[in-house]
Amino acid sequence: MATTPELLPYGRIREDLFRPLSGVSRNYVLATVVAFVIGAAGLVAWGHQLRSGMGVTGLRRPVFWGFYLVNFVFWIGISHAGTLISAILRLTDAAWRKPVTRAAEAITVFALMIGAMFPIIHLGRGWLFYWLFPYPNGRMLWPNFRSPLLWDVTAITTYLTGSVIYLYLPLIPDLAQLAEHRTLWRRTLYRTLSLGWTGSDREWHALERAMKLMAGMILAVAVSVHTVVAWDFAMTVAPMWHSTIFGPYFVTGAIFSGIAALIVVLAALRKILHLEFYLTRHHFNNLAKLLLLMSLLWFYFTMAENLTVWYGNDPGEMAVFAARTRARYAPYFWTMVLLNFVVPLVLLGIRRLRTIRTATIASACVLVGMWLERYLIIVPTLANPRLASASSTYTPSWVELAITAATFAAMVMLYMVFSKLFPIIAVWEFKPHPLEEE
Amino acid sequence: MERRWGMTIDLDRCTGCQACVVACHAENNLPVSGPVEAAKGRAVHWIRVDRYYEGTFPDVKVKYMPVMCQHCDDAPCEPVCPVYATYHNAEGLNVQVYNRCVGTFYCANNCPYTVRYFNWFEPEWPEPLQLHHNPDVAVRPGGVMEKCTFCIQRIKRTKQDAAQEGRPVVDGDVQPACVQSCPAEAMTFGDLNDPNSKVSRLAESGRATRLLEELGTKPKVIYLQRGK
Amino acid sequence: MFVTGEFREKEPVVHTIRQLRDAGIDSSALDLFSAEPVELARGVLDRPSRMSLVAVSAAVGTGLLATAFIRYTQHDYKLVTGGMPLFSFWATGVITYELTMLGAIVATFGWFLRESGLIRRREKDAPVPHVDPGVICLRVRCPAGQAPETIDTMRRHGALKIERSGQ
């Protein structure tokens, strides 16, 4: 059993957690270049789409929402990683959360930023996206607040603001530490961002109070955000979309995919930044158990949804159901069940199989499975409308694939930049004062 | 009393000739998709004729059903548009405001009749078709949703002409292109609020049905058919 | 005049604070500096806070404002959609909720900046001790006459590097 970090001297901890901030390795540069190239390809694709029209995508009547909306829901779902884990674990005062919170909060902010791009990317006239905002104008224009898309706009704005603040607040004391040790432009950056933090007890009290309040509020917002995204679909009359279960279903799915993303990210950080002493088997074990719990919950909701549709036998819904489980989309559907339920159950349910490696594999499977789940929610319903003469299929074009790939590259890049500028484990939070009662 | 425009289509008369489709194309400056885009399912037909086959050879029965925007009184497409590009006007029409549409596709996803069509590219017409545009109708830019308007330009023109000539608009004055062109005279158009109009009387008939009535959209296109 | 002393343990700090307060020095004149938060028992060095109240009031206020905003602007745009009423609280309730939470979040952050003193102008000659991890630094603002007694109290409880500055 390796030495627990609590028994390592302060200096060593600080050194370990600040070391990644200095110097750029060859792999880092390589990864940045690759991510940049993929990101650029995505931008080119988007530019082409803006110039030539939405026809360059694979969209067609009646499948008016395709990859872009799938990605939107997927990334907003991932964003529930951070804040939920961080907030719930803070509220319940779980000590093992300490090295995990900042990485999780960073995932939230970046996933939100990426997810929020898609409502703009998917627009037929994307350059007019600002018309969705209520701003005074001389042309008698106003947005329609009854539309779930406006609820989306408000919810995501609130969540993004809240997440950035929630990421920033516990970063302040670390920034103050960094301002003493770094040189040149970094010192200015850290000093400005740390707002002159001195470490006085007034500051600590205010910070802790603010964090407690923020944890509760961000939790309330996070639950509402993905419910609102779910209601984009549930508020319609489309078959198998108009379901009351969608709100909780999506939130569960979001937490599920969020934890999976967190495990993958932490495993990568642990390997690359040599944080084996800080992100231990203990942490991965706990996260794996949470992932398993969410997998069971997800399966419960999926079961409930599909069983009620099948038993109810409504013709409009059955057309979609048949397409999903027996016809064109069946391979995706059953793969999804395998990846989201069977794999986690086996790899994480059997204690002997639950290791850091298997937890990472299970998480990667869940990420793919959850992406498929979003696809299976959106496309089969649209492809099988109530008036069957309009039924069709959907195949994404290179534009949609390029933009999808670019978002993953963007996530990697944002994360790499973040971990170079700020310690990915909260130094002050990680090491409680030596004489504090546990 | 305000008008409430509605339409009846007699399915027992419809021959499926698609003259209404062609007339609509000509009247409303519908873009020509071309064979490639049409194969991708992107052809724009504000009115389309659905074919339903019943039975097997030699006892096959075919039903032709022209479907266009039903101008629902409780239209599901209207509340979901975030920019008010589609709303219900005072005469009961579901209006599409082309220059306000930003292309969220939400209205199209929420239409249970799948009657909304999107301009995937800037519209094009092969020579010399660009010469026959109707000056009363806008040419829609790419990125904008469109659908049947009950030939609102003809409604407006009729009302203007009547006002200029100092006479009221009588039943039968307003005829959308599809109604006008039907050789079997299967379609009627008029004011549902006027109990004496032909549309209102036909709507009371024992053969009157509505599409997807159970959804509560209150469509204003009434299909007359003996049996379902 | 400011007196600062460094401690390595929490208990002596608590005793020192108690004695200083008995000697008449108010909580507002005392400041602790540390690299990690120090948990003290209730009653030792309490800092009253109004953050929860601010958050809740801001939430309620923003919620009411948001609802009023939606209602009045939506009535200015009398466009009927889907047979729904022009303003329906339930149809727009989500927006009210989100803006309520946004108000609470922004107010909490703003109040944090104020309550922590990060945006208030600091006393110019108040020394800010450099704290190494594991060290708790106690800074006392006291009149010059009381300084020797303060230094004495600190030394008795094992403080190191006791310094005085200012007048």
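In this predicted model, strands β1(B) and β10(B) run parallel and are joined by 4 bridges, strands being DSSP runs of E of at least two residues and helices runs of H or I of at least four, both numbered from the N terminus, and two strands counting as paired if DSSP finds at least two bridges between them. As a predicted model, it is described under the condition that local features need pLDDT of at least 70 and side-chain atom pairs count only at pLDDT 80 or more, whereas totals for chains, interfaces and linings use all residues. Residues are numbered from 1 along each chain as its sequence is written, while chains are lettered from A and ligands numbered from 1 in the order in which they are written.

**The sheet of chain B**

- Strands β9(B) and β10(B) run antiparallel and are joined by 2 bridges, and the bridge partner of Ala208(B) in β10(B) is Leu224(B).
- Strand β10 (residues 221-224) of chain B is covered on both faces, with Val221(B) and Tyr223(B) buried on one side and Ile222(B) and Leu224(B) buried on the other; a residue is called buried if 20 or more other C-beta atoms lie within 10 Å of its own, exposed if 12 or fewer do, and partly exposed in between, with C-beta atoms placed from the backbone.

**Backbone features in loops**

- Asn29(B), although not a glycine, has a positive phi of about 55°; Asn29(B) lies in the loop between α1 (19-27) and α2 (34-39) of chain B and counts as buried because 20 C-beta neighbours fall inside 10 Å.
- Glu185(B), likewise not a glycine, has a positive phi of about 50° and sits in the loop between α5 (177-181) and β8 of chain B, but Glu185(B) is exposed, with 9 other C-beta atoms within 10 Å.
- A cis peptide bond with omega near -5° leads from Glu127(B) to Pro128(B), and Pro128(B) is placed in the loop between β6 (117-118) and β7 (145-146) of chain B.
- In chain A, Arg61(A) and Pro62(A) are joined by a cis peptide bond with omega of about 0°, Pro62(A) being in the loop between α2 (26-52) and α3 (67-78).

**Chain A as a whole**

- Chain A has 17 helices and 0 strands, and 52% of its 438 residues count as buried.
- The buried residues of α14(A) include Phe333(A), Met336(A) and Leu339(A), and among the elements covering the buried residues of α14(A) are α12 (281-312), α13 (315-325) and α15 (356-383) of chain A.

**Contacts between chains**

- The contact between chains A and C takes 44 residues from chain A and 46 residues from chain C, two residues being in contact if their C-beta atoms, placed from the backbone, lie within 7 Å.
- On the side of chain A that touches chain C, the largest share, 17 residues, comes from α10(A).
- The contact between chains C and B takes 7 residues from chain C and 9 residues from chain B.
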